[in-house]
Amino acid sequence: MNEKTIILLGPPGAGKGTQAARLASECGWPHISTGDILRAAVAADGPLGRAAKGYMDRGEYVPDPLIIDLIRERMAAADAKGGVFLDGFPRTPPQAEMLDELLVELGRSPAEAVLVEVPRDELISRLSGRLTCERCQHIYHLVSDPPRVSGICDACGGKLVQRSDDAPGTVVRRLEVYDEKTAPLIAFYEEGKRLSAVDGIGSQDQVSGRLKEAIGWS
Ligand code: AP5
């Protein structure tokens, strides 16, 4: 595979971050997560983080212009030249249109999207048990994928924390915002014949296998 732009599309908790990290580490492409970039910006308390924090805490999307600037810069980086996994971007029609324009500017092929499908009750149970390493961002689950030592990341020894936007009320709002603003992207990529869908239920290995097949890498 070379020079592909693969979008992992799906609701909060579908496993986009888990799978993007696995696939990226196997093939050496960067895993570009706008959520991770924004959380790092919030932790650094710079201008982007201060602008984004309130939206994220409420489960709302950060305004498109902020995200578009961030992606433009990240996609121009040297490590993005070979191919990338996009996780959490695009998530609105203007973001998807901007990505198409940017890929033309960069002389790259059009992006392909893979929708990870998971039923709503499973999404809620995944989000309520999620733990994330505050140092390396590795993702765990209290029941389905626990760390070897409680509260400590297996990969780097960092502290595991619950994301503030995984509080039950915020999760409900995030799912509503997904339905309203991101679900229309399914039709956007379907119309361009650039969408495939995989079942997100099963072990992480099973889901990785389905994703690899969907993107022609197996
Ligand atoms: P973001 O960080 O992108 O969050 P999200 O899209 O809501 O997705 P999540 O990270 O919650 O879920 P995921 O699908 O990655 O699942 P995961 O792999 O962690 O965005 C956060 C916020 O930032 C947004 O609300 C918004 O405010 C802002 N933002 C970000 N991008 C933006 C943009 N482009 N525009 C505007 N605003 C933006 O898995 C979930 C759990 O399930 C884990 O515990 C995991 O261990 C478990 N799990 C994974 N796979 C399996 C499996 N196969 N079986 C059982 N459990 C599993």
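## Helix packing and a pocket

The crossing of α1 and α9 is right-handed. Before going further, keep in mind that this is a predicted model. Helix α1 covers residues 16-27 and helix α9 covers residues 204-214, and the two pack at an angle of about 65 degrees with their axes 10 Å apart. Angles of 65 to 115 degrees count as roughly perpendicular, so α1 and α9 are roughly perpendicular to each other. On the α1 side, the contact is made by Thr18, Gln19, Arg22, Leu23 and Glu26, while α9 brings in Gln204, Asp205, Val207, Ser208, Leu211 and Lys212. Sorted by class, that contact has 3 nonpolar, 4 polar and 4 charged residues.

| Helix pair | Axis distance | Crossing angle |
|---|---|---|
| α1 and α9 | 10 Å apart | about 65 degrees |
| α2 and α3 | within 8 Å | roughly 115 degrees |
| α4 and α5 | within 11 Å | roughly 25 degrees |

Next up is α2 with α3. Their axes cross at roughly 115 degrees, and that makes α2 roughly perpendicular to α3. This crossing of α2 and α3 is left-handed. If you want to find the contact in the viewer, look for Gly35, Leu38, Arg39, Ala41 and Val42 in α2, which meet Leu48, Gly49, Ala52, Lys53 and Met56 in α3. The tally for the α2 and α3 contact is 6 nonpolar, 2 polar and 2 charged residues.

Then there's α4 (residues 64-75) with α5 (residues 93-105), whose axes cross at roughly 25 degrees. Since angles under 35 degrees count as roughly parallel, α4 is roughly parallel to α5. The crossing of α4 and α5 is right-handed. From α4, the contact uses Asp64, Ile67, Ile68, Ile71, Arg72 and Met75, and from α5 it uses Pro94, Gln95, Met98, Leu102, Leu103 and Glu105. That gives the α4 and α5 contact 8 nonpolar, 1 polar and 3 charged residues.

Which element gives the largest share of the lining of the second largest pocket? That's α2, with 5 residues. Arg39 and Val42 have turned up already, as part of the α2 contact with α3. By class, the lining of the second largest pocket has 6 nonpolar, 4 polar and 7 charged residues.

Terms used. Residues numbered from 1 in each chain as written. Predicted model: local features only at pLDDT ≥ 70, side-chain atom pairs only at ≥ 80, totals over all residues. Heavy atoms only, no water. Axes fitted to C-alpha atoms, helices over the stretch in contact; angles between N-to-C directions. Helix = DSSP H or I, 4+ residues; strand = E, 2+ residues; numbered from the N terminus. Parallel < 35°, antiparallel > 145°, perpendicular 65-115°, else oblique. Left-handed = near helix turned anticlockwise from the far one by under 90°. Contact = heavy atoms within 4.5 Å. Nonpolar A, V, L, I, M, F, W, Y, C, P; charged D, E, K, R; others polar.
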